[in-house]
Amino acid sequence: MRKLVLFLHASLDGYVEGPNGEMDIGWVSYDADLEKHAKEILSTADTVIWGRGTYQMMHSYWPSVPSNPSASEHERNHAEWIEKTNKIVFSTTLENVEWNNSRLVKENIEEEINNLKQQPGKDMVILGSPRFAHHLMQLDLIDEYKITVSPVLIGSGLPLFQGLKEKINLKLIENKTFDSGAIGLVYQTIR
């Protein structure tokens, strides 16, 4: 059975976005070490899960990277990966999604995720989309949490965990320390 994996960057004080919203993640200790880590995580997935806001942000940027002469090799490789990867967007307000290999789901989130888990293939990764991830956490649909914690305190913003009504038991299955001082944590949901 495929797993639904949440992959997010967080500050040491538990925020996934700074006080200025979705694009406010300049505090992430992103370097070659974290690029390699992200590539390893994404190599285990063939489907990206997004909410509306992250889909729109990603779609406005990544398709232009291959033609951008100042894009790094890492950015070009990621753009190529994301272009060919299946993208499933959950939104009640979007009317359509236009990116290659994208599909829009407007209702029955829990049923759709459970059906996707039964299909053959690699894992599915929630790449960003912290608000949508909060909803999936409340439905207990996330199988693994892959969180990189940057060595910074930002004081306010969007918390990593929000709105949980019941306890979710987790088991630490991996941890790494990166050159930047960031820590990579992988927790598996215990059901």
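A salt bridge here is a side-chain nitrogen of Lys or Arg within 4 Å of a carboxyl oxygen of Asp or Glu. Lys3, Asp123, Glu144 and Lys146 are linked in a network of such bridges. The model is predicted: local features need pLDDT of at least 70, side-chain atom pairs count only at pLDDT 80 or more, and totals for chains, interfaces and linings use all residues. Residues are numbered from 1 along each chain as its sequence is written, and side-chain values use heavy atoms, with hydrogens and water left out.

**Sheet**

- Eight strands form an open, mixed sheet in the order 5-4-3-6-1-7-10-9. Strands (E, at least two residues) and helices (H or I, at least four) are DSSP runs numbered from the N terminus. Two strands pair if DSSP finds at least two bridges between them.
- Strand 5 (102–105) and strand 9 (170–177) each have a single partner strand, so one side of each lacks a neighbour in the sheet.
- The twist averages 25° from one strand to the next. Axes are lines fitted to C-alpha atoms, for helices over the stretch in contact; angles run from 0 to 180 degrees between N-to-C directions.
- Strand 1 (residues 4–11) runs parallel to strand 6 (residues 123–127), joined by four bridges. Leu6 stands opposite Ile126 in strand 6.

**Helices**

- Helix 2 (residues 52–61) packs on the sheet and touches strands 3, 4, 5 and 6. Its direction makes about 115° with that of strand 3.
- Helix 4 (residues 109–118) lies across strands 1, 3, 4, 5 and 6, at about 165° to strand 4.
- Ala79 lies in helix 3 (residues 73–84). Ala79 is buried (under 20% relative accessible area; exposed is over 50%, partly exposed in between; 1.4 Å probe, protein chains only), at 4%.
- Leaving aside neighbours within four places in sequence, Ala79 is in contact (heavy atoms within 4.5 Å) with Trp62, Val65 and Pro66.

**Salt bridges**

- The structure holds 11 salt bridges.
- Lys3 pairs with Glu144, with the closest N and O atoms 2.9 Å apart. Lys3 lies before strand 1 and Glu144 in strand 7 (residues 144–150), so the pair ties together parts 141 residues apart in sequence. Lys3 is partly exposed at 28%; Glu144 is buried at 4%.
- Arg191 bridges to Asp140 at 3.4 Å between the closest N and O atoms, and to Asp143 at 2.7 Å.
- Arg191 is exposed at 57%, Asp140 partly exposed at 33%, and Asp143 buried at 10%.
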